[in-house]
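Let's take a walk through this model together, starting with a sheet and then stepping back to look at a whole chain. Keep the 3D view open as you read.

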Amino acid sequence: MTARQQFIATLLLGVAFLLLFRQLDPTGYQIGLMMRCMILMIVTIGLNILIGHAGLVSLGQAALYGLGAYVAAWLAVKQGVQFLPAIIAGVVVTGVFGAVLAYPTVRVRGVYLAVITIAFGLVFQNILVEWLPVTGGTQGLIGIPRGNVFGISLTRPIYFWVVAGCLIVAFIIQYNVIHSRYGRAMRATAQSENAAKALGINLAATRTLAFVISATLAGLAGGLYTFLNLFVNYETFTFFHSVSFLLMVILGGTGTLVGPVIGTSILTYIAEILQDLQEWQIFAYGFLLAAVMFVMPQGIVGSFSALWERFLSRSRARETQGWPDRSVPLLEILRPGEERGQIALKTEALTLRFGGLTAVDDVSLEVQSGTVHALIGPNGAGKSSLLNLISGFYVPTDGRITFFGASIAGLPSHELARQGIARTFQNTELFGQMSVLENVMAGFHAHYRNSLAETLLRLPRFGREEHRFFSQAHQLLKFVGLADFAEEEARNLPFGHQRRLEIARALALRPKMLLLDEPAAGLIHSEIEDLKRLIRLLADHGITVVLVEHHVEMVMTVSDHVTVFDYGRVIASGTAAQVQKNPQVIEAYFGHGSVMPRGRPMPARVEHSGAAE
Amino acid sequence: MGEILQYLLTGLSLGGIYALVALGFYIMWEASKAANFTHGDVYMFGAVLTVVLVEKGLPVLLAAPIAIAAAAVIGALVERLLVRPFNKEPNAIGWMLTTIAAGIMIESMATITYGPLGRPLPSPLAEQPIRFGGAGIYPQEMLLPIAAVAAMFGLEAFYRRTTLGRAMRAVAFNRTTAGLMGINPNRIALIAFALAAAIGALAGILIAPVVQAMPAMGTLIGLKAFGVAIVAGIANARGVVVVGICYGVIEKFIEGYISSGARNAVGFTLMILALLLFPQGIFGRREVVKV
Amino acid sequence: MTAPLLKVEGLKVAYGRIEAVRHVDLVVHRGECVGIIGSNGAGKTSTLRAITGVVAPAAGSITFDGNEIGGLPSYQIVPRGIATVPEGRQIFADQSVDDNLILGAYLRTGKDHAGIAADIARVLQLFPVLRERLTQAAGSLSGGEQQMLAIARGLLSRPKLLVIDELSLGLAPKILDLLFPVLVDLNRDGLSILLVDQMASYALQVTHRTYVMENGRILMHGESRALANDPRVLDAYLGRRTVS
């Protein structure tokens, strides 16, 4: 079942369920319970996007939920504002706070972010209790008038469908975001920050978007809750509630489409059963969270999907094609624009020092466009540091770097990616939990034109662009011989295939220059031959290739120009043949002269042991 | 003048609690790069168990060490069962959720069995407050900052002068290389968690005569102390104790000059701001990550 | 014929999907100094990591002093008599030189107080500059001094086999001229050594036998003196290889 089918099926089933529910003539209490459940689903759908896709754990979601509720309540009770504007105001305010909460993610993640969100939640709760004139203190705000839209009073039976409608909208938003470049960007930032940056994805902007979406959904839910309950107080928005939202998401299945719906339903049901046993209910939540972590960390939907996947992939063997596939019209996809004969990259007196160590020392070099230029040297010679400087991962201490004449030193990596510098990494930084195809689609991120609004509303341009990049991604996979692996999860690929995928993804950026960091490491001989052909093919198409490599035989046969490093400095530069004869190069690799004390050579074997093998 | 002195004294006492509990977080973090959201609950457990044992007739000087030992066992179990299996990757956070879950269970279990109300722990040092300069404080309360500073020095001596202490620092600095010296990183983590729990329980026992022992006393203290440890940068014992004591003093001053209720809001906001200004903590080490 | 001190058979090491070591057989006899050379990415360090327990082998067996140690964690391998001088030194920079030495003797703590003190005195005689810096933070030492500390630390557990990973990394030739002869002396005094280095010429001069690795396999091996004069070794390093 594809994601799309799952989405539509769930929507239809959900609506059918709600219609059936109403048909059974439920009591006012039961309707209210169902509505509260649906409202919480809106919160958990937002939290699911934040945790499951952007990888950001928030333990303060209850505060955002409460913020939406209190803003709407205060406006309704104290200012006589109507239902719609009150809710919208709640959504806007919460959205702003979501952006505020996102700011720390620029610097911190993981536990540190969790602490900030916990602190935020506690601050909010404290304000609710203390700020008597505005929040009503411990009593809260009471006497909220029933919602009224265009003259229709929102009594429970009617309001039920308003809430259901909002839930459906939230569910659609979740789907539309997840299956778009925004969702891909979020997952990319969660799975490999470095690779995401190198593809032009702005980490801060992506994380802020995730926070804002989850916050606005929580704020919407809060406003809806206000007009359901007709009073609000601080006891609904505590740290414990933030934890229970987290539990709902995890129990259902973090990152799955339907997970939040299932998790919320189950927990609401449990809460109902244990209603009178307050303490046991709390205990049960704690126990359930621990149990899920031990037994079913992927949650219900996640575990089910995993089993289903394993069942499916057992039946299908994938076929690896040869690469590079010359039948693929590379020029159409890549469109390298720059003319030959230019200097693609130039560094002048480039220096990098950190902590007393000079990793790159006064390096000046030039790379001609459309050529293959190799950087070699012993371990610790500074080659990778140089690559990191060129791709914006390190900031130079001194010196200049220009790219086709424009200065780029100190620019951040995602900016350089957008200017046409792509790279691969020593430890293939694939987005392991995304499919092979999705990895390449992430590479196209910087080239999309459609906006967030067009994505959310699924306007025609969205469909056209997705389709176009989809087919181009397939072409790139065909180019590297992985067409049959499109749906496979990237982390399941054999190592050589992972390298191919990383190159295909880098090509999706449509780079003018491609930096390869030890691309041959770990490849077997035939794969290295393929790699050499691919590199030459790219150069023939006008792409400048700079590679750092230890596999010297490969370097010597594929490069137009070789620069040799040692201790951070350039010690030789020229064609492969010239460099191989250079005595300084030989010494750098091999060491020198005699190290033995006073000319006493080592014996061929140790006297008293057995024969050497 | 009397007011300021009062806030200062009670602030030192409160800060002593934060410092001791935060020291526990520091010890655990150093050993395993993970913390423990049940830590606030061992603080509570120490107090509650001591009260229960004393009510059953044990002298407090026997009950307290037993409670501390029991807390140490809990700490060790938490490390072994809840943290170690969920801490395999460098940026794993599974341990956060499992320890939160355990914390919830411990607290609700305590509420169910012990009851939600606080019960006193008698102590001669909590009967007559000492008064001077217009301020009054129970001698019992001053035990806390004294214990915190003593623990700080004790910990430093432990880390600098004993081989086990050096081994713990080694594990914190470079787990793999510590293993190459024959040091078992898992055993070190276990010891660290047990030690941290013991210190946390001690804090709970020391303050119980003043505030009474109840199941709800731990959660907020735990969260605040964790914040304190992170804001301090979890880099060294001194930094953690300094930040802890300062935070206690700041809270009391906020309570005095603004309102009792405002202290959490203002305090946590300050914490957030401090973390934004010093992402690695005030005394923290900048970690250089190789690309 | 006595059994070898260390025997590695059919070793395979993988990190996730990356096969760093495809198939390695090697031995170190008691009293030998054996080298592994090869260009970067050849799998030398991964081989050592498997031997010292930093990674578990994906296949193959590692036998030390008659016991199978493949797959054991480091802290269980060290007590059997293997000490490591890791790649990049990996000294405990936040602790003093003295602390580092004490940690080197961790396994003997409480059991051999006098012996540890004697050994510390001995290594300080071997590397006098460390005595001057005994109470300084190890991180403040120069690269060469840190390397001396790492070697000294390794000696403190009185190992049977000392495993040295990339001694020459980042060190100037002058320092290497000082350090390598120390290894020769230690070996003559009975310490078995397994040495991995990129700098083939150094390794070939101080070892009895050497293995040349490439792409996760042993390309060739033999007496170091013979290999030092074999043009194929140089060719392998500089890509002039005619060997298939």
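In chain A, six strands make an open sheet with mixed pairing, in the order β8-β9-β10-β5-β11-β12. Strands here are DSSP runs of E at least two residues long, helices are H or I runs of at least four, and both are numbered from the N terminus; two strands pair if DSSP finds at least two bridges between them. This is a predicted model, so local features need pLDDT of at least 70 and side-chain atom pairs count only at pLDDT 80 or more, while totals for chains, interfaces and linings use all residues. Residues are numbered from 1 along each chain as its sequence is written, and chains are lettered from A and ligands numbered from 1 in the order in which they are written.

Now look at the edges: β8 (421-423) and β12 (569-574) of chain A each have a single partner strand, so one side of each has no neighbour in the sheet.

Further in, β5 (residues 372-376) and β11 (residues 561-566) of chain A run parallel, paired over four bridges.

Over to chain C, which has ten helices and ten strands. Its radius of gyration (taken over C-alpha atoms) is 18 Å, close to the 18 Å from the globule rule (2.2 Å times the number of residues to the power 0.38) for 244 residues, so chain C is as compact as a globular protein of that length. The C-alpha trace of chain C spans about 55 × 40 × 40 Å along its principal axes.
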